[in-house]
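Please read the following briefing alongside the sequence and coordinates. It covers the fold, the packing and the confidence of the model.

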Amino acid sequence: MRNMKKYLSLLLGLIIIFSLTSCLSKSKNDSTTDGSKVIADKKIADAEIIANKKIADAEIVANKKISDAKIAADDKISNEKSKETTLASVSSTEQPEQFIYKNYINYRYQFSIMYPNTLTLINDPDNGDGRELKSIDGKVVLTIYGSNNILNETIDSMYHTAIQSSNLPYKKQSGDWYVISYIEGDDIIYEKTVVGKGSINTFVFKYPTNQKDKYSNVVERLNKSFKTPSTNEGH
């Protein structure tokens, strides 16, 4: 009986020890599991923080690019408008000036020409062979004159002499007339001469190169209005 009690006491002690060991092992496992979970949760939290930061940085970069693109587009539109305004302004300021023309008749040589009223007479020779007119500032000069063909010049001989200069951007001969144009210093010289058996009629128009647009129509008007009906006669 004593042995049975002793056996039972021993068994009970073993059971108690086993139970305590199991509890301690379970507690340890639970503690390990909780620690792993904490570490995992921390890693997830850190990953979320990094991801959110990257998303925020990407949004900042994207917004900056959008802002820069909008600024560039606005600048382009502004520049185009400014360019259009400038071109319109230049176009309006470069429109040829509208001149009022006067008619000059040379009664000795019987030629005539229309010239701008902005030119005033500065020289009227007593022999009546022509006139010289200038603008107020003296930069534009129109010389018109006639002469008798005492050397029996022909259109070919006079044209050949006139084009001896190699610096002639424009030259043309047709019928009984020729035209030459060239640069002399800061001026453009335009000359037209009509050659007849009896007399020769000429006009020479000088104007600044930087006012070419202003006087291009004047040259055309002078050229078309230059009438020389009596070059086959001496005067």
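Strands β5 and β9 run antiparallel and are joined by eight bridges; strands are DSSP runs of E of at least two residues and helices are runs of H or I of at least four, numbered from the N terminus. Two strands count as paired if DSSP finds at least two bridges between them. This is a predicted model, in which local features need pLDDT of at least 70 and side-chain atom pairs count only at pLDDT 80 or more, while totals for chains, interfaces and linings use all residues. Residues are numbered from 1 along each chain as its sequence is written, and side-chain values use heavy atoms, with hydrogens and water left out.

**Overall fold**

- The protein has three helices and nine strands, in the sequence pattern α-β-β-β-β-β-α-β-β-β-β-α.
- Of its 235 residues, 26% are buried, that is, under 20% relative accessible area with a 1.4 Å probe and protein chains only (exposed is over 50%, partly exposed in between).
- Among contacts with a separation of 6 or more, 43% are between residues 24 or more positions apart; a contact means heavy atoms within 4.5 Å.

**Sheet**

- Seven strands form an open sheet in the order β3-β4-β5-β9-β8-β7-β6, with antiparallel pairing.
- The edges are β3 (120-123) and β6 (170-174); each has a single partner strand, so one side of each lacks a neighbour in the sheet.
- From one strand to the next the twist averages 20 degrees, with axes fitted as lines to C-alpha atoms (for helices over the stretch in contact) and angles from 0 to 180 degrees between N-to-C directions.
- Strand β4 (residues 130-134) pairs with β5 in the antiparallel sense over five bridges, and K134 has V141 in β5 as its bridge partner.
- The hairpin of β4 and β5 has six residues between the strands, and G138 takes a positive phi near 75 degrees there.

- Strands β7 (residues 177-184) and β8 (residues 187-195) pair antiparallel over eight bridges, with I183 opposite I188.
- Two residues separate β7 from β8 in their hairpin, and G185 in the turn has a positive phi of about 65 degrees.
- Nine bridges join β8 to β9 in the antiparallel sense; the bridge partner of I189 in β9 is K206.
- The hairpin of β8 and β9 has three residues between the strands.

**Helices on the sheet**

- Helix α2 (residues 155-162) lies across β6, β7, β8 and β9 (199-208), at about 10 degrees to β7.
- Its buried residues are I155, M158, Y159 and A162.
- These cover an arc of only 100 degrees around the axis, which puts them on the same side of α2; the arc is that of the directions from the helix axis to the C-beta atoms.
- The buried residues of α2 pack against β6, β7, β8 and β9.
- Helix α3 (residues 212-225) lies across β5 (141-148), β8 and β9, at about 170 degrees to β9.

**Confidence**

- Mean pLDDT, the predictor's confidence in each residue from 0 to 100, is 80 for the protein, and 67% of residues reach 70 or more.
- Among the elements, helix α1 (residues 2-93) has the lowest mean pLDDT (62) and β9 the highest (97).
- Over residues 85-94 pLDDT stays under 50, and the model has one contact beyond four places in sequence for them.
- Where pLDDT is low, the predicted coordinates should not be read in detail.
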